[in-house]
Amino acid sequence: MSVDSLKYMDFELKSMTSDYDQLRSDGGIRTLDPPPIDALDEETLEPETLAQNASRLETIVELLNHPALARVYVYVCYWGPVAPPAVMEALDLSKSTTYEYVDRLVDLGLVDRDDSTRPQQLTADPIIIVEQYIPIVITPTVLHALALQEIDEDISYFIDRYGIGKLIAALRGAGLHFAGETTQRMVASDIDVRETEAMMIVYALEPALAVGREHDPFFEYLFPDVHDEMELPGLDEIAGAPTNSADTDE
Amino acid sequence: MGRGTPLSPDQDVLVDANIFYAIGRPSNPQYRRFRTAVQNAGVVCKLPQRVIGELGGQETDRVRTALDDGWAEIIEATPPTDGDAVAASDIARRTIASETNRAEHEVEKTDAILAGLAIQYVRDRSPSTVVVLTDDKPARKGIKNAAQSQGYEETITVYGLADIIGDDAGDSMRLI
């Protein structure tokens, strides 16, 4: 994994790998309360450092609050390099909406636009935010799950009712289900939703897991224990699935 | 395609609620494949009241659609009281606990009771064979272990969704 792809990792990450056990097996969250007083040091709290991180924080807030924008980001990240007309067609967006979103993503530094070719090519580095004390984990898989609310009424229903935090817990529970490590009723009880709602959301999140497992370089951060154990459809069986851009030269 | 489903008219098919979610909405190709498999086999999916609970939430509309279409029905399965059936639920609970690395008391009662319901069903109604469909792997293993150790492996067969409609069902998945 290149250092470039980690450019959004400036949040506290130092001892993260030792904290996998804070992800409860059920997909829920164990809060560390309170964080140690030295969780942030003087260096982290330098006004200059905080100012640098501010734009990244705003970037993430922007994506979380605008699932349609996140959807375009995730598409470019997984399917890129890709030209705007292809984005427009694949996501069924109007031309003006597509260019508006691409412009915003470029302004946010999330998408790179190569104007030297015609048509211009878009690419996006995968991003990751991990904050162990809340905890928060945001990777392309998580953003994909949020973005699915744009096209999947089960996911939009779930988010309306329970919010995005619980959707991320459900995503973790769904991964454990597809790995055979939990039942859907256990997911329901762990994240405190109705049994039938848990069943509904587990299957609705399947596309985010199926793509993420193959194309999200940070998939293991969310599923350190079961990332290679999930029984999901292989992408080669699915029409229009992203290919590995390193393997194909279009 | 061209693959036969293991369902046949002489079987009683007990389904867990998750099957109705695994197949997606009625517009989903997987839903249609499953419905076709059930209808072609001439069976009606029996959904024990105990495993579906109240059909109240908005998300239960797809279960109601199957009931309205007539290829599924809710049955009042007798709670396990027969010795074999009670033991089956206990075995299923132990299996699920072990598969999910949890304490036995953390296993959801409804996951464990499916095995007991199946055996009680056999005791009460003496069907030639019973098929139990659930899309939860630990639960499937629990029912299989229970049926085997109680001597019902000839009568009770356990399947997941892929056994009925094949595992190439992901070809219809919308990714983004």
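Author: In what follows, helices (H or I, at least four residues) and strands (E, at least two) are DSSP runs, numbered from the N terminus. The model is predicted, so local features need pLDDT of at least 70 and side-chain atom pairs count only at pLDDT 80 or more, while totals for chains, interfaces and linings use all residues. Residues are numbered from 1 along each chain as its sequence is written, with chains lettered from A and ligands numbered from 1 in the order in which they are written.

Reader: Happy with that. Where is A:Glu181 found?

Author: Look at the loop of chain A between helix H7 (164–178) and helix H8 (184–191).

Reader: And why is A:Glu181 called buried?

Author: A residue is buried if 20 or more other C-beta atoms lie within 10 Å of its own, exposed if 12 or fewer, and partly exposed in between, with C-beta atoms placed from the backbone. A:Glu181 has 23 such atoms within 10 Å, so the residue is buried.

Reader: Which residues is A:Glu181 in contact with, leaving aside its neighbours within four places in sequence?

Author: They are A:Leu176, A:Val226 and, from the other chain letter, B:Thr100. Contact here asks that the two C-beta atoms, placed from the backbone, lie within 7 Å.

Reader: What makes helix H5 of chain A mostly covered?

Author: Eight of its eight residues, 140–147, are buried. Among them are A:Pro140, A:His144 and A:Ala147. The cover includes helix H1 (47–65), helix H2 (67–79), strand E4 (136–138) and H7 of chain A.

Reader: Why are H5(A) and H7(A) called oblique to each other?

Author: Their axes come within 10 Å and cross at roughly 120°. Axes are lines fitted to C-alpha atoms, for helices over the stretch in contact, and angles run from 0 to 180 degrees between N-to-C directions. Under 35 degrees counts as roughly parallel, over 145 as roughly antiparallel, 65 to 115 as roughly perpendicular and the rest as oblique. The pair is therefore oblique.

Reader: Which residues make that contact?

Author: H5(A) brings A:Val142, A:Ala145 and A:Leu146, and H7(A) brings A:Ile164, A:Leu167, A:Ile168 and A:Leu171. They divide into seven nonpolar, no polar and no charged. Nonpolar covers Ala, Val, Leu, Ile, Met, Phe, Trp, Tyr, Cys and Pro; Asp, Glu, Lys and Arg are charged, and the others, Gly among them, polar.

Reader: How do you know that strand E1 of chain B pairs with strand E2?

Author: Strands pair if DSSP finds at least two bridges between them. Two bridges join E1 (residues 11–15) to E2 (residues 45–48) of chain B, so the strands pair, running parallel.
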